[in-house]
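Please look at the sequence and the model displayed here.

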Amino acid sequence: MIGCVFSSTRRKRLTPDWPEVASTESGALKKAEAMSARRPGTAAIQIVADDETGELETAAILGQFGEVPDDFAESFAS
């Protein structure tokens, strides 16, 4: 689980910043919500990858707080 932070560029475009790792879904949601007080927007994301190959198996948005890019959710659709 990670919390993804978005920052504004000079052109007011939202771009992903650094991720914050959490060990549980609730931890990721709490971190994302807390970070949203200091940033334009955040999202909690669950990512499942193969331990051996590192290949991404699934990714899902657990929650969004504040402003996130309009196409953010679309990037997770299969």
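## Residues of strand β4 and beyond

I61 counts as partly exposed because its relative accessibility is 26%, where buried means under 20% relative accessible area, exposed over 50%, and partly exposed in between (1.4 Å probe, protein chains only). The model is predicted, so local features need pLDDT of at least 70 and side-chain atom pairs count only at pLDDT 80 or more, while totals for chains, interfaces and linings use all residues. Residues are numbered from 1 along each chain as its sequence is written, and side-chain values use heavy atoms, with hydrogens and water left out.

I61 lies in strand β4, strands (E, at least two residues) and helices (H or I, at least four) being DSSP runs numbered from the N terminus. Not counting residues up to four places away in sequence, I61 touches A44, F72, A73 and F76, contact meaning heavy atoms within 4.5 Å.

Q64, also found in strand β4, counts as partly exposed at 40% relative accessibility. Its contacts, leaving aside neighbours within four places in sequence, are T42, A43 and F72.

L14 has its place in strand β2, residues 14–21, and is buried, with a relative accessible area of 14%.

The table sets separation in sequence beside C-alpha to C-alpha distance.

| Pair | Apart in sequence | C-alpha to C-alpha |
|---|---|---|
| I61 and I45 | 16 residues | 4.5 Å |
| Q64 and A43 | 21 residues | 4.2 Å |
| L14 and I61 | 47 residues | 17 Å |

E52 lies in the loop between β3 (41–49) and β4 (56–66), and counts as exposed at 78% relative accessibility.
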